[in-house]
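Notebook open, structure loaded. I'm jotting down what I looked up, in the order I got curious about it.

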Amino acid sequence: MKSALFALAAVAAAAVPLHGHADAAAAAKNPSYVHGDFGPPRGDPIHAVLTAPPHVPAPTMRNYPAKVIVELEVIEKEMPISEGVTYTFWTFGGTVPGSFIRVRQGDTVEFHLRNNPNNKMPHNIDLHGVTGPGGGAASSFTAPGHESQFTFKALNEGLYVYHCATAPVGMHVANGMYGLLLVEPPQGLTPVDHEYYVMQGDFYTTGKYREKGHQPFDMEAAIAEKPTYVVFNGAEGALTGDKALTAKTGETVRLFVGNGGPNLVSSFHVIGEIFDRVQYEGGTHVQENVQTTLIPAGGAAIVEFHTEVPGSYVLVDHSIFRAFNKGALAILKVDGPEDKSIYSGKEVDSVYLGERANPNLAAVTQATKAAASGKLTKEEQIKAGQQLFTGTCSVCHQANGEGLPGVFPPLAKSDFIAADPKRPVQILLRGLTGKVTVNGKDYNSVMPPMSQLNDDEIANILTFVLNSWGNPGGRIEAEDVAKVRAEKPATPAAGH
């Protein structure tokens, strides 16, 4: 029924003459016409329905230009950027990215920007879909507790970024002040089963990746273009686990993908899918059968694909260290019957999903809060370590700790660990290369250093291992890891 209504609306939009500007006739003949006024607004003013990510407002379902009133509030607020890590975001509408705005080409938009009285900074807005000085920035400079208003004509269809442009511009954008504006073509977009809003951003903190507690903005790192986090929708894990996007087999999915930057270009890819259509750079031209599409900082793309088989499809920035070591990873969970003629394989691949295969990482967040209050228990460490082990260690050593015969030594009932329960701290930090004997069997492979893990992550993982699969028990604390990390290695690492 939904698709049928959309289709009828699209036909009606194409059939009803457009009125006003001389460009209307050309637009009626060519739905992707670049520029059109389409005359004054008709009918009663419409208050735009704005949505928080990853949701998208319903199609406009109109065949005439209207006056659309958009009301958006700037809110400065502290929110999680990763488990146990908070950051003070500056937001449009209380979310990162900001509220999704959807209008139709030819609409007259009356824009109201409010700056919450509890904010500390002045802000404005530059919408890339505006034709006029500063994209609206020149008309919308707003102090805390005040409101500004300006009007613009949506002349060009496309998917456009908006962002704050108050000096220092980079700092405002880096704190999360960006979002997307969709200007629909006169005939509307082709109906699909699901539309989602995904936007990448790079963040710069004084603390290292996943360093716990509140992390301030680091201007020097931002200028040097060395982000701590690269994430979708404002936080690591914002679209994973119980917050993953969803679809069913046999459905079509449209992603409105933006890149707020402020610095990095995104190589957007969905692992296990091929884009049927990409409106690259958010414009009107289409590329088909695309694996990865570039989205510049301050740019966008509309990607569409259909689902064939169930499973977890991972959205990444294919500048791949950003995905697995800075957070640029999201999941589309597809349910439905399998089709072995298309694909036969396991549903979840921990090589890609890592700890994000978990419904959530609540145990990690709880352990962080407990550590901050000085009340962290061994049981809390074990629960957090178990969740982290999934993504860090289970691929090689297996979820049951049995390892792979002749390749990766077992962690279960390990005499190697029992001989010195704190030796694994050294191994995780320095790595291990060469021959070792575990439970009477020889192993000769390479374990790279896990130096990307912070002290409490290593402590929690190893506490989980020590208390699992018949190992001797015990506890590793973050202070133990910090002490080893501070030591200068005496000799190059040797071992497994």
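I started with the salt bridge between the side chains of glutamate 457 and arginine 210, which comes out at 3.3 Å, N to O. The cut-off I use: a side-chain nitrogen of Lys or Arg within 4 Å of a carboxyl oxygen of Asp or Glu. This pair links distant parts of the chain, with glutamate 457 in helix 12 and arginine 210 in the loop between strand 10 and strand 11, 247 residues apart. Helices (H or I, at least four residues) and strands (E, at least two) are DSSP runs, numbered from the N terminus. Both glutamate 457 and arginine 210 are buried. For the record, buried means under 20% relative accessible area, exposed over 50%, and partly exposed in between, with a 1.4 Å probe and protein chains only.

Ground rules before I go on: this is a predicted model, where local features need pLDDT of at least 70 and side-chain atom pairs count only at pLDDT 80 or more, while totals for chains, interfaces and linings use all residues. Residues are numbered from 1 along each chain as its sequence is written, and side-chain values use heavy atoms, with hydrogens and water left out.

Arginine 210 sits in the loop between strand 10 (194–203) and strand 11 (213–214) and glutamate 236 in the loop between strand 12 (229–232) and strand 13, so the pair ties together parts that are 26 residues apart in sequence. Glutamate 236 is buried, as is arginine 210.

Next I checked aspartate 480, which forms a salt bridge with lysine 422, the closest N and O atoms being 3.5 Å apart. Aspartate 480 is in helix 13 and lysine 422 in the loop between helix 10 and helix 11, so this pair ties together parts 58 residues apart in sequence. Aspartate 480 counts as partly exposed at 23% relative accessibility, and lysine 422 also counts as partly exposed, at 45%. I also noted one network, in which salt bridges that share partners join Arg102, Glu184, Glu195, Arg254, Arg277 and Glu304.

**Helix 11**

I went to helix 11 (residues 423–430) and listed its buried residues: Pro424, Val425, Ile427, Leu428 and Leu429. They pack against helix 10 (415–419), strand 22 (432–438), strand 23 (441–447), helix 12 (455–466) and helix 13 (478–486); contact here means heavy atoms within 4.5 Å. Just after helix 11, glycine 431 takes a positive phi of about 85°.

**Strand 21**

Is strand 21 (residues 329–335) largely enclosed or open? Five of its seven residues are buried, so strand 21 is largely enclosed by the rest of the structure. I count two strands as paired if DSSP finds at least two bridges between them. Strand 13 (residues 245–248) joins strand 21 through four bridges and runs parallel to it, with leucine 245 opposite leucine 332. Strand 20 (residues 311–317) joins strand 21 through six bridges, antiparallel, and there tyrosine 313 stands opposite leucine 332.

Strand 6 pairs with strand 8 (residues 158–163) in the antiparallel sense over two bridges. Aspartate 126 stands opposite histidine 163 in strand 8.

**Glutamine 149**

Glutamine 149 is in strand 7 (residues 147–153) and is partly exposed, with a relative accessible area of 47%. Its C-alpha atom is separated by 6.4 Å from that of leucine 113, 36 residues apart along the chain. Leaving aside neighbours within four places in sequence, I found glutamine 149 in contact with Glu110, Phe111, His112 and Ser139.
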